[in-house]
Amino acid sequence: MAATVRFLTRRANGQESVRLAQIEAESFTIGRGSDCQLELSDLRVGLLHAHVTELSPGVVAVEAEGSQSLISGGRRTRRAELNLSEPRTIEIAPFRLTFRREESQTVIDVVREETALKAPSVEEAEAVFRLRGAGLSKRGAAWALVALVAVACLAFPLWIFGRPAAETIGAQAFGRAHGAPGLLHASVSTTATELGAGQMWSPGPLSEAHAFLSADCKSCHTTALRSVADATCLRCHKGLQDHADAHLMSRAMAPASLFEAGNRAIAARFDKPVGRCADCHMEHQGERGFMNTRQSQCVDCHAHLATRLGGRSTVGDVSDFATGHPAFRPTVVVAPRDGAPVLTRRWTTDELDRARILRDGPVIPHGADCEGFASGKANFRSVADIATPSADKARPGDNNGLVFSHAVHLSASGCVAGLARQLGIQRAKSGALGCANCHTASRDGGGFAPVEMKRDCSACHSLTFDTANGLSRTLPHGEPRLVVASMLDFYKASAVDAAAGASDPDRRLPGQAAADQRAQMRAATLDHADSRAVERVRAIFSPGGACYGCHEIIRPASGLGFGVAPVVLQQHFLPKAEFDHRVHMTAGMTCEQCHAARSSQSASDVLMPSIQTCRACHRSEHAFAEVRSPCITCHLFHPGGSHSQTLASTLADGDGADRGVVTALTPLPMAQTGGRR
């Protein structure tokens with residue numbers, strides 16, 4: 001069907017304008033949608049309002065769609081058949097459509113007809129939104145709501161908070177009785193929570209660590225309309241050390257802009273000074289936790305310490321672990337003195353590793369006949385281990401007082417492996433000893449307990465020096481004076497017993513000559529026992545002896561006053577850093593990936609990985625594929641929070657990097673090491 005559509009618009013001066021459109025289709029649609037062939041732009045027209053179909057030449061049918069309708073002949077209908085022998089008109093919303101036939105085609109005149117409506121006055125329009133008819137004005141309703149909110153959300157919670165309830169007093173007494181003064185237990189006082197007053201002001205749920213206080217807001221919010229004070233936090237979190245001297249920390253902070261200075265001054269007036277606990281520990285964050293771990297919290301100060309502190313900082317500037325972190329400087333022993341070993345951080349891990357390679361050169365080689373374990377054989381020793389150095393002439397390394405070789409113990413073909421297999425030690429049955437044969441994990445599993453002679457070494461290193469009469473005599477480990485005294489007493493007593501057993505008290509010669517002969521025999525026996533005991537004591541502290549194999553021996557100028565160099569075994573080469581072995585072992589890492597123990601010949605070797613080794617996995621805070629490592633990954637804000645043997649605050653006291661040495665660590669007691677370490 002071919003149709004011509006004429007859109008007629010009547011102007012104010014009475015003239016008409018015409019816009020033409022052509023339709024070529026067997027049928028077409030009428031509607032507001034843009035996909036209709038005859039589009040009528042008015043919201044009262046359906047998107048698809050009607051279909052027009054030519055039934056025969058000169059006869060068309062207009063049928064409404066869905067729930068729509070049209071007007072034909074003054075009646076509302078859903079379908080109209082129009083014989084176009086004369087013009088026919090239908091109405092759709094405000095549009096009048098006139099169909100007629102001209103020269104074998106259909107012509108449709110479309111006219112929009114609107115009934116003029118009287119615009120409402122301003123007063124009539126506003127009357128629709130007034131509450132005057134309901135007996136309440138807008139102003140009155142607003143003030144009523146303000147009063148309701150003030151009473152329900154301010155006055156009522158404050159009244160609940162300040163109410164001296166009997167159960168609150170009882171809760172305080174309960175807390176004091178159980179060692180937590182001022183801490184109100186959630187199971188005792190729940191008045192505010194039951195009435196919902198506290199929830200009106202709560203910005204969110206507490207973290208998991210403080211979840212048990214959810215029903216007791218007063219434990220932290222001790223004063224109404226006041227921020228939580230640091231003193232309130234320290235009532236429970238006692239013993240926390242300051243990060244550094246407060247004066248130096250303020251100098252290390254970035255200079256505040258005028259706007260920031262104004263904000264800080266205003267915050268201080270509301271009991272929110274800079275550096276308060278809540279600056280980093282933000283509660284009511286739910287399961288996300290309450291510790292701010294952003295690297296910027298540390299870098300804001302530590303990236304420019306050298307400049308801002310004017311040389312008072314002995315810590316290098318740090319901006320990022322992957323790109324702006326100095327090399328590791330382990331805390332090592334310079335001289336292992338009793339009670340107060342001398343420590344230093346003057347060498348980096350790279351310098352210590354180069355020293356290890358040089359030190360391994362002059363190590364005395366070992367034979368295949370199990371040197372160091374057979375009587376009379378020399379133990380493995382290094383030329384560098386012969387003498388204990390002084391603090392001013394210390395060699396790079398951990399001069400801990402021991403003589404030890406990891407390479408010998410971990411070798412699969414040496415005498416140590418053979419002896420371990422012979423003794424049936426676990427893991428040595430299939431080859432060499434492993435790290436776990438000597439190093440025992442600590443209770444928390446994150447580190448390792450100090451090496452103990454009895455627990456970790458005695459399986460191979462026996463302290464037995466005599467097995468006469470079926471009894472084993474052992475040396476008291478760790479006390480050279482007791483070793484000397486015990487051996488002298490034993491060998492002298494053995495000689496006396498032997499001499500007494502050789503004489504026959506029932507057949508004695510009479511006379512003074514026989515008595516003198518017996519006295520001479522006793523004196524000769526005691527002299528022989530004394531010389532033999534001295535010989536055996538010297539052997540213990542000489543090559544092939546039990547003490548000589550692992551300890552540096554202090555020889556006397558004369559006599560038997562032998563000594564052993566003090567042993568100080570570092571448990572934390574980086575006491576200012578945290579490290580968890582469990583995480584790395586769970587990830588499938590082995591000891592050899594970080595510690596070069598199989599090539600270490602000297603006890604002075606520091607087998608710590610360098611920063612380059614750590615950077616193979618640990619990158620910056622915003623790393624994608626590697627382990628994201630902000631400062632808090634390895635460092636605690638409060639020094640001493642984990643390790644009991646932490647050096648003094650670096651900012652306040654220095655760490656020995658510029659002075660060469662510091663005196664800090666104390667050896668662990670004998671009971672923890674089975675003797676002197």
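Predicted model: local features only at pLDDT ≥ 70, side-chain atom pairs only at ≥ 80, totals over all residues.
**Entry 1: aromatic rings**

I began with ring pairs and found 1 aromatic pair in the structure. The ring centres of Phe-541 and Phe-562 are 4.7 Å apart and the planes meet at 5°, so I noted the pair as stacked. The cut-off I needed here is that planes under 30 degrees apart count as stacked. Next I looked up where the two rings sit. Phe-541 is in the loop between α15 (512–540) and β17 (553–554), while Phe-562 is in the loop between β17 and β18 (563–564). The two are 21 residues apart, and the pair links distant parts of the chain. Are these two residues buried or exposed? I found both Phe-541 and Phe-562 buried.

**Entry 2: charges over rings**

I then checked for charged ends above ring faces. Arg-19 lies over the face of Phe-7, 4.3 Å from the ring centre. I also noted Arg-615, whose charged end sits over the ring of Phe-321 at 5.8 Å from its centre.

**Entry 3: a hairpin**

Here I followed strand β13 (residues 332–335) into strand β14 (residues 342–344). They pair in the antiparallel sense over 3 bridges, and I saw that Ala-335 has Val-342 in β14 as its bridge partner. The two strands form a hairpin with 6 residues between them. In the turn I stopped at Gly-339, which has a positive phi of about 85°.

**Entry 4: salt bridges**

How many salt bridges does a search of the whole structure find? I got 16, and I wrote down a few of them.

- Glu-54 and Arg-101 meet at 3.7 Å, N to O. Glu-54 is in strand β5 (residues 50–56) and Arg-101 in strand β11 (residues 95–102), so this pair ties together parts 47 residues apart in sequence. Glu-54 is partly exposed at 27% relative accessibility, and Arg-101 is partly exposed at 29%.
- Glu-91 and Arg-96 form a salt bridge at 3.4 Å, N to O. I have Glu-91 as partly exposed at 27% and Arg-96 as partly exposed at 30%.
- Arg-356 and Asp-353 have their closest N and O atoms 3.1 Å apart. They are 3 residues apart in helix α10 (residues 349–359), which means about one helical turn separates them. Arg-356 is buried at 9%, whereas Asp-353 is partly exposed at 33%.

**Entry 5: a network**

Last, I looked up which residues join in a network of salt bridges, and found Arg-6, Arg-100, Glu-102 and Asp-109 linked this way.

Technical notes. Residues numbered from 1 in each chain as written. Heavy atoms only, no water. Phe/Tyr/Trp six-rings, centres within 6.5 Å; stacked < 30°, edge-to-face > 60°. Helix = DSSP H or I, 4+ residues; strand = E, 2+ residues; numbered from the N terminus. Buried < 20%, exposed > 50% of the residue type's maximum accessible area, 1.4 Å probe, protein only. Lys NZ or Arg CZ within 6 Å of the ring centre and 35° of its normal. Pairing = 2+ DSSP bridges. Salt bridge = Lys/Arg side-chain N within 4 Å of Asp/Glu carboxyl O.
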